[in-house]
Amino acid sequence: MLNSHVKFHSTSGKRLVLIVDDEQINREMLRHIVEQEFSTITASNGSEALDIIREKADFLSLVLLDLRMPELDGFEVMRKMKEDDNLSQIPIIVLTSDESAEVDCLKLGASDFITKPFSVPEVILTRMQKTIELYEDRTIIQSTEREELTGLFTKQYFYRYADQFDKFHPELVMDAVYLDINHFHLINELHGRNTGDAVLLHLSSYLKTLREKTNCIVSRFDADKFFVYIEHGKVEYSKVIEDLNRHFEEFRDQHVRVRCGIYMRSDKALSIETRFDRAIQASHAIKNNYSRFIAYYDASLHEDTIYADRLINEIDEAIATNQFYLNFQPKYNVQGEEPVLTSAEVLVRWEHPELGRISPGMFIPIFEKNGLIQRLDFHIWEVALEAAGRWKRELGLEIPLSVNISRIDLYSNALIDYLIEKLMRNNLKRENLYLEITESAYMDDAEQLIEVVDQLRSEGFKIEMDDFGSGYSSLNMLADVSVDVLKMDMRFIQNIKSNKKQETMIKLVMDIAKYLGIHVIAEGVEDKVQVDFLKSVGCDIIQGYYFSKPLPEDDFVQLLMEQKK
Ligand code: C2E
Ligand code: MG
Ligand code: MG
C-alpha cells in the first residue's frame with residue numbers, strides 16, 4: 001500500500017541510510033561520519049544491498065552506493081531499483097572517484113555524488129540531507145499532512161504514518177483508539193460554530209499533550225472524530241477519559257462528553273484501516289448509552305459481523321414465511337382536554353424461528369447498509385396498507401398511518417407507483433399515508449432527496465422528517481427542504497441535561513416550524529413533565545411510551561374501536 005517515501009521519524013529521531021561498498025574501510029569511514037545524524041545499515045556487495053533495499057524499502061531514506069563492486073555492481077543495482085516502482089522512490093547518492101561515470105549514473109536515477117576519498121564530513125552530511133529533503137518534500141506534497149484547524153495529521157497521512165511506524169516497530173503492541181464528542185452537532189447548533197471549534201481545539205490540545213507524554217500518533221480525521229495510535233499499556237484509558245472530561249470543565253455549560261472506542265492489542269495482520277474501523281465499531285456500540293464513555297472492541301463484535309451475514313442471507317425466506325409483522329404506535333393529539341388518537345406509526349418486528357425476536361435497531365441498519373432494506377420496506381408498506389384497507393372495509397375505521405422510508409428507498413424509481421398502486425388496491429387516499437424519512441438522509445444527498453420529496457408531495461403524500469435533532473443537520477436545512485411535519489425525538493434532547501438549554505432548543509424548533517408552516521410531532525415522550533411542557537410551547541401531537549408503546553394489530557384495533565364509541 002505504501003509505495004512512496006514518507007518522511008518518518010523513528011523514536012531515535014534518525015532516518016535510516018544504507019551504505020553499500022565492497023571495501024570495509026570505506027564502509028567504516030562513512031558509517032563513522034554519518035552516524036551522528038542517521039541510523040545506518042551496511043552491505044558489502046550489490047546483491048546483498050538489493051536484498052536489504054527490498055526488505056526495508058518502506059523506511060529507507062537513502063542509499064549510499066559504490067559503483068565498482070564484485071558480483072553485482074552499482075550500475076546494476078540502480079537499474080534494478082529503477083525497474084521497481086516501490087524502489088525507484090528511494091534516493092541514491094553514488095560514491096565514486098570516477099567523474100566520467102556521472103552522466104550514466106544520473107540517467108539511472110542517482111541524485112548526487114560523493115567523491116572518494118571521503119573528505120570533509122560536513123559536505124557529505126549536507127549532501128545527504130539535501131537529497132533526503134528533496135525527496136520527502138516531493139512525496140509529502142502529494143498528501144496533505146496536517147489538518148487545518150488543529151494541526152493534527154489528516155486521516156490519509158495518519159494511516160501512512162502509522163503503517164510506517166508499525167514497520168519500524170514490529171515488536172510493539174499497539175492499541176487503536178477512536179474518540180468523538182457526544183452530540184457534537186448540538187453543541188454547534190446551540191452555541192455556535194466558534195464554540196464548536198473551541199471544543200475541538202481543546203480536545204486536540206489534550207491529545208497533543210498525550211502525544212508528548214507517550215509518543216503516540218494522533219489524527220483528527222473528520223469533524224469531531226479523532227484517532228490515536230498508542231503503545232499498549234502506556235495509559236489507563238478510564239483515567240484518560242476521566243481526565244479528559246475534567247479537562248472540559250470550562251465547557252461545563254455545553255456538556256461536552258468524549259466517547260471512546262478502543263481496539264486493544266490490535267492485530268497487525270489486519271490493515272491499519274481495518275483496525276481503526278474496529279475501534280469505531282466498538283464506540284458505536286455505546287452511541288446512545290449516556291452512562292458509558294469507553295467501549296472495547298472484542299470478539300463478540302466480530303461475531304456481530306457473522307450474525308449480520310446470517311440475517312442478510314435469511315431476509316427473503318423471512319419475508320416469504322411472514323417472520324416480519326407490524327406494530328402500531330399511536331400518536332395523540334393533546335390540544336384538548338382529553339388526548340385523541342389521530343394516527344399511528346407502523347413499526348416492523350421480526351420474530352425469528354431460531355434467534356427469537358430481533359430488534360429493528362439491530363437489523364434495519366444492517367439492511368440499510370447493503371440496500372436490502374428496500375425489499376423489506378416494500379413488503380411492510382404492502383402489509384400495512386392491506387391492514388388499513390381491511391379496517392376500513394370491515395370495521396369502518398379510517399386512520400392515517402405513517403411508514404418509515406429509508407434513504408435507499410428514495411433511489412427506487414418504483415417507489416411512487418408502488419405506493420399509489422397499493423393505496424388504490426385498498427381503496428385508500430394518499431393523505432392517509434405519511435412517509436417518515438429520517439433526518440440523516442437529508443445530509444447524504446440533499447439534492448436527490450429534495451427532488452424525490454418534492455415529487456412525493458406533489459403527488460399528495462405527506463412527508464415527516466423523522467428523528468429531527470439526531471443527525472448532523474442544522475436548523476437552516478429546514479429552509480431548503482419542504483416537509484409537512486417535523487418529528488422531534490425527545491430522547492436526543494434528554495441528553496442535554498440542563499433544562500434551560502433543552503427548553504430553549506425545543507422552543508426554537510417550534511418557532512422555526514411555525515414560521516415555515518410545518519407541524520411538529522414529539523416522539524419518545526415518556527413522562528408528564530414532558531407532555532406539559534410540549535403542550536405549553538404549542539406542540540400538539542405526541543407519540544411515546546407515556547401514552548402507548550407500539551401495539552400488535554389486535555390491541556391497536558381494539559383501541560381504535562374504543563375511541564370510536
Ligand atoms: P423511529 O422511526 O424513530 O421509531 C420510533 C422508535 O422509538 C421505535 O423504536 C419506538 O418503539 C421507539 N419509541 C417510541 N416511543 C418511545 C418512548 O417513549 N421511549 C423510548 N425509549 N422509545 C420509544 P423501534 O420500533 O425499535 O424502531 C427503531 C427504528 O427502526 C425506527 O425509529 C425506524 O427508524 C426504524 N424502523 C422501524 N420500522 C421500520 C420499517 O418498517 N422500515 C424502516 N426503514 N425502518 C424502520
Ligand atoms: Mg419513524
Ligand atoms: Mg423517530
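## A first walk through the structure

Reader: Does Asn 322 count as buried or exposed?

Author: Buried means under 20% relative accessible area, exposed over 50%, and partly exposed in between, with a 1.4 Å probe and protein chains only. The relative accessibility of Asn 322 is 55%, and therefore this residue counts as exposed.

Reader: Thanks! What kind of model is this?

Author: Residues are numbered from 1 along each chain as its sequence is written, chains are lettered from A and ligands numbered from 1 in the order in which they are written, and side-chain values use heavy atoms, with hydrogens and water left out. Local features need pLDDT of at least 70, side-chain atom pairs count only at pLDDT 80 or more, and totals for chains, interfaces and linings use all residues, for the model is predicted.

Reader: Back to Asn 322: what is its phi?

Author: Asn 322 sits in the loop between helix H11 (299–320) and strand E11 (324–333); helices (H or I, at least four residues) and strands (E, at least two) are DSSP runs, numbered from the N terminus. Although Asn 322 is not a glycine, its phi is positive, about 55°.

Reader: Asn 215 has a positive phi too, although it is not a glycine. Is Asn 215 buried or exposed?

Author: Asn 215 belongs to the loop between H8 and strand E7 (217–222), and its phi is about 65°. Its relative accessible area is 51%, so Asn 215 is exposed.

Reader: Which residues come nearest to ligand 1?

Author: A residue is near if one of its heavy atoms lies within 4 Å of the molecule. There are 23 residues around ligand 1, and the ones that come nearest are Arg 349, Asp 377, Asp 466, Glu 526 and Tyr 545.

Reader: Which element supplies the largest share of that shell?

Author: Strand E12 (340–352), helix H12 (360–370), helix H13 (373–395) and strand E16 (462–468) each supply at least two residues of the shell around ligand 1. Four residues make up the largest share, and they come from E12.

Reader: How many charged residues does the shell around ligand 1 have?

Author: Asp, Glu, Lys and Arg count as charged; Ala, Val, Leu, Ile, Met, Phe, Trp, Tyr, Cys and Pro as nonpolar; and the others, Gly among them, as polar. In the shell around ligand 1, nine residues are nonpolar and five are polar, while the charged ones number nine.

Reader: How much of the area that ligand 1 exposes when taken alone does the protein bury?

Author: Let's begin with the atoms. A nitrogen atom of ligand 1 is 3.0 Å from an N or O atom in the side chain of Gln 329, and a polar side-chain atom of Glu 526 lies 2.5 Å from a nitrogen atom of the ligand. Taken alone, ligand 1 exposes 800 Å² (Shrake-Rupley method, 1.4 Å probe), and the share buried by the protein is 85%.

Reader: Why do the buried residues of H12 lie on the same side of the helix?

Author: The buried residues of H12 are Phe 363, Ile 364, Ile 366 and Phe 367. They are on the same side of H12 because the arc they cover around the axis (taken from the directions from the helix axis to the C-beta atoms) is only 165°.

Reader: Which exposed residues does the opposite face of H12 carry?

Author: At the start of H12, a side-chain oxygen of Ser 359 reaches to within 2.9 Å of the backbone nitrogen of Gly 361. The face turned away from the buried side of H12 carries two exposed residues, Gly 361 and Lys 369.

Reader: Which side chain is joined to that of Ser 402 by a polar contact of 2.9 Å?

Author: Ser 402 lies in strand E14 (residues 401–405) and is buried, since its relative accessible area is 1%. A polar contact is a pair of N or O atoms within 3.5 Å; within protein, one must be able to donate a hydrogen and the other to accept it, and residues adjacent in sequence count only if both atoms are side-chain atoms. The side chain of Ser 402 makes one of 3.0 Å with Lys 331. The contact of 2.9 Å is with the side chain of Glu 436.

Reader: Which residues does Thr 195 touch, not counting those up to four places away in sequence?

Author: Thr 195 has its place in helix H8 (residues 193–214) and counts as buried because its relative accessibility is 18%. Leaving out residues up to four places away in sequence, the residues that Thr 195 touches (heavy atoms within 4.5 Å) are Phe 251 and Gln 254.
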